[in-house]
Each structure stands twice: as structure tokens, then as C-alpha cells.
Amino acid sequence: MGSVSLLQKGFLAFLLAMGIIVALGDAYCFQKMNKPGESDEGCILDGKLYPFGEISRTENCYRCSCTRDAMRCCTLFHTPVGYNKEKCKVVFNKESCNYDVVQKEDPSKECFVYSRVG
């Protein structure tokens, strides 16, 4: 009665793996302090002026908040790290703000990705 079945072990392993994937799934965030007198209209990121307030998506796929003091941004994408690196390559898709993982020999075919990080 005290033993754990193979099915229970498999389920526990699945839960552990999902917990690791969720923990690694947090977006990468950064803060850029505004220089005094740089702009009275908003924040500048990658040479582009964004208005004060919330920015749902920048040109380079970040979600930001712009105040007079700083611009705080987090990625909208997660970088694939777990895939077949021998047969596949990573390509950034600016339209979807995500990385596509495709076959090197036939980029029209997607590869399976089993983990991503923010």
C-alpha cells in the first residue's frame, strides 16, 4: 500500500516539469531612466518617442509604462531554449512578437519547442 504507482510517478514528473516551465516563462523586464529635458512629450526607446502612460506594444515587441522619470518595459515574447538545435533554427517574427522555431532544411515546417524563457 505504501508504494507509489508508475502512473502517479509519471503525473508527479509532469507537474514538476510544468512548474519549471511556468517558472521560466516570466517575461524579461528592464527600466530606462529618462534624461532631464530629453522629452516633455514622453519616453524615447530605440529612437522612437512613446507618449506618457501605458504602451501595449512597441515596435520591438515590448509592453511598457512611460512616466516622466523612467520607461519600464517587459518583453511580449519568450525565447525558445528547448528544441532540436541540430535540425532547427530560431527566427524572430515581428508581426506576432514571438520566435518561430523552424527546420533548417525546410523553414516552412515548424519544430517542436518544449521550453521557453522570458
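Q: How is confidence in the predicted model to be read, and what is the mean pLDDT of the protein chain?
A: pLDDT is the predictor's confidence in each residue, from 0 to 100. For the protein chain the mean is 82, with 76% of the residues at 70 or more.

Q: Which elements have the lowest and the highest mean pLDDT?
A: Helix H1, residues 6–24, has the lowest mean, 43. Strand E4, residues 53–55, has the highest, 97. Over residues 8–25 the pLDDT stays under 50, and the model has eight contacts beyond four places in sequence for this stretch.

Q: How far apart are the sulfur atoms of Cys 29 and Cys 74?
A: A pair of cysteine sulfur atoms within 2.5 Å counts as a disulfide. The sulfur atoms of Cys 29 and Cys 74 are 1.9 Å apart, so this pair forms a disulfide. The link joins distant parts of the chain: Cys 29 lies in strand E1 (residues 29–33) and Cys 74 in strand E6 (residues 70–75), 45 residues apart.

Q: Is the link of Cys 29 and Cys 74 right-handed or left-handed?
A: The angle about the S-S bond is 105°, and the link is right-handed.

Q: Are Cys 29 and Cys 74 buried, partly exposed or exposed?
A: Buried means under 20% relative accessible area and exposed means over 50%, with partly exposed in between. Cys 29 has 41%, so Cys 29 is partly exposed. Cys 74 has 27%, so Cys 74 is also partly exposed.

Q: Which cysteine does a disulfide join to Cys 61, and what is its handedness?
A: Cys 61 is joined to Cys 97, with 2.1 Å from S to S. The torsion about the S-S bond is about -80°, so this disulfide is left-handed. Cys 61 sits in the loop between E4 and strand E5 (62–66), while Cys 97 sits in the loop between strand E8 (88–93) and strand E9 (98–103), 36 residues away. Both Cys 61 and Cys 97 are buried.

Q: What is the angle about the S-S bond of Cys 64 and Cys 73?
A: The angle is 110°, and the link is right-handed. Its sulfur atoms are 2.1 Å apart, and both Cys 64 and Cys 73 are buried.

Q: How do strands pair, and what is the order of the open sheet of four strands?
A: Strands of a sheet pair through backbone hydrogen bonds, either parallel or antiparallel. In this sheet the order is E1-E6-E5-E4, and the pairing is antiparallel. E1 and E4 stand at the edges with a single partner strand each, so one side of each has no neighbour in the sheet. Neighbouring strands are turned by 15° against each other on average, direction ignored.

Q: How many bridges do E4 and E5 pair over?
A: E4 and E5 pair over three bridges in the antiparallel sense. One of the residues to look at is Glu 54, whose bridge partner in E5 is Ser 65.

Q: In which sense do E8 and E9 pair, parallel or antiparallel?
A: E8 and E9 pair in the antiparallel sense, over six bridges. Val 91 stands opposite Asp 100 in E9. The hairpin of E8 and E9 has four residues between the strands, and there Cys 97 takes a positive phi near 55°.

Terms used: Residues numbered from 1 in each chain as written. Predicted model: local features only at pLDDT ≥ 70, side-chain atom pairs only at ≥ 80, totals over all residues. Heavy atoms only, no water. Helix = DSSP H or I, 4+ residues; strand = E, 2+ residues; numbered from the N terminus. Contact = heavy atoms within 4.5 Å. Buried < 20%, exposed > 50% of the residue type's maximum accessible area, 1.4 Å probe, protein only. Pairing = 2+ DSSP bridges. Axes fitted to C-alpha atoms, helices over the stretch in contact; angles between N-to-C directions.
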